[in-house]
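Biologist: Please take a close look at one helix and its surroundings, and state the cut-offs behind each term.

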Amino acid sequence: MFFTTDDDTLGENVAEALEEGWRTWTGFSVALAIAVGIAIGIAIVVAVILSLVGRRMPWAHDLHARLAWPFRVTVLIISVFVATIALPGDDLRKGVQHTLGIALIASSAWLLAQVFLFFVDSGTKRYKLTESESFSARKARTQLQIIRRLVVAVIVIFALGAILMTFDQVRAVGASVLASAGVASIVAGLAAQSILGNLFAGVQLAFSEAIRVGDVVVVQGEWGKIREITLSYVVLEVWDQRTLVLPCTYFTTTPFENWTKLGKALLGTVYFDLDWRVDVDAMREELDRVLAETDLWDRVGSGVVVTDASGGLLQVRVMVSAADSDKMWSLRCLVREKLAVWVRNEYPEALPLQRFRMDAPDSATASSAGALNARDSSGPGGALPGEQQR
């Protein structure tokens, strides 16, 4: 109230004059150099701090290795964005700031994703996949794997949305789409039904524990291990080193075998069809001897029982146990081979036999057969004794 209107106008004119005098290429160059220098200084200070902390705490070194470039790029873009205030020309300044704004959104999304992945990977290191891994480790590894991909996908989607919303034309289209959200949602749902189905199936697999990374499953007659679970597909490594890729919806809609759902230890069986003269007790003793000589057996269970007697043969079932599916397969092959050799060498009478009953012929049949045999043995032409050969 103590300044007159002339004083206010004078102050505005001075400010405008100073602003116009600063907005020159020379002023922009000075501002850019100062801003870039500050950005480089901040990056160096942060790198030194993390390096010093990393000497005592390994996580700081990992954090610096993962965030170094995203952080540097983000700080540099911010510094250049601030320096653009000194650019001459409104149109040029707005265009450059718009471009830098898009770059800043992308670099910020990159930085945010790397920060999240750092924490996820730090947790995953605790659950390194090994053959003796516990259920909790495989469960956590599977869930972290799905969460990792899901969060990164969400960050990318939001970053793309933010970039598109910086354009006036896109904002107008977005308003019209929101106005007709009902129709758009129906169309999008029908178009992306398969994609969304696999997405939700992947999340369901991660938290329902139907399968986990490292589980041994039988799918479509193929035996293998789950190596990767994504938001859309599951990678199965088959025993012969082939790779089977199945959509996530397969495991939520189709029955399959999971051999390690409740535990890795398994019971395996080997069947023999032997003659009735087999000595089952001796076979039990031979099985104990074979198992005592191998490390494949976990010394939990074993046995020999006769499960069937039909078709003139006894069906003998040999049951063994092993710590996991790989050892079980090798143990079954070993037991089958050793017991087969034992039966052939020690009890050849127990080898499978086919028995036929041959009854003695009656007198009439014997006479006819004798006459026929005499005719056949009489010589060329089959002439009977006393007949001349013509």
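Modeller: Contact here means heavy atoms within 4.5 Å; helices (H or I, at least four residues) and strands (E, at least two) are DSSP runs, numbered from the N terminus. This is a predicted model, in which local features need pLDDT of at least 70 and side-chain atom pairs count only at pLDDT 80 or more, whereas totals for chains, interfaces and linings use all residues. Residues are numbered from 1 along each chain as its sequence is written, and side-chain values use heavy atoms, with hydrogens and water left out.

The buried residues of α11 are Ser325, Met328, Leu331, Val335, Leu339, Trp342 and Val343. Because they cover an arc of only 105° around the axis, they lie on the same side of α11; the arc is that of the directions from the helix axis to the C-beta atoms. Exposed Trp329 and Glu337 are carried on the face of α11 turned away from its buried side.

Helix α11 comprises 22 residues, 325-346, and reaches 31 Å from its first C-alpha to its last, close to the 32 Å expected at 1.5 Å a residue; the expected span is 1.5 Å times one less than the number of residues. At the start of α11, a side-chain oxygen of Asp324 comes to within 3.2 Å of the backbone nitrogen of Asp326.

Definitions and conventions:
Buried means under 20% relative accessible area, exposed over 50%, partly exposed in between (1.4 Å probe, protein chains only). A polar contact is a pair of N or O atoms within 3.5 Å; within protein, one must be able to donate a hydrogen and the other to accept it, and residues adjacent in sequence count only if both atoms are side-chain atoms.
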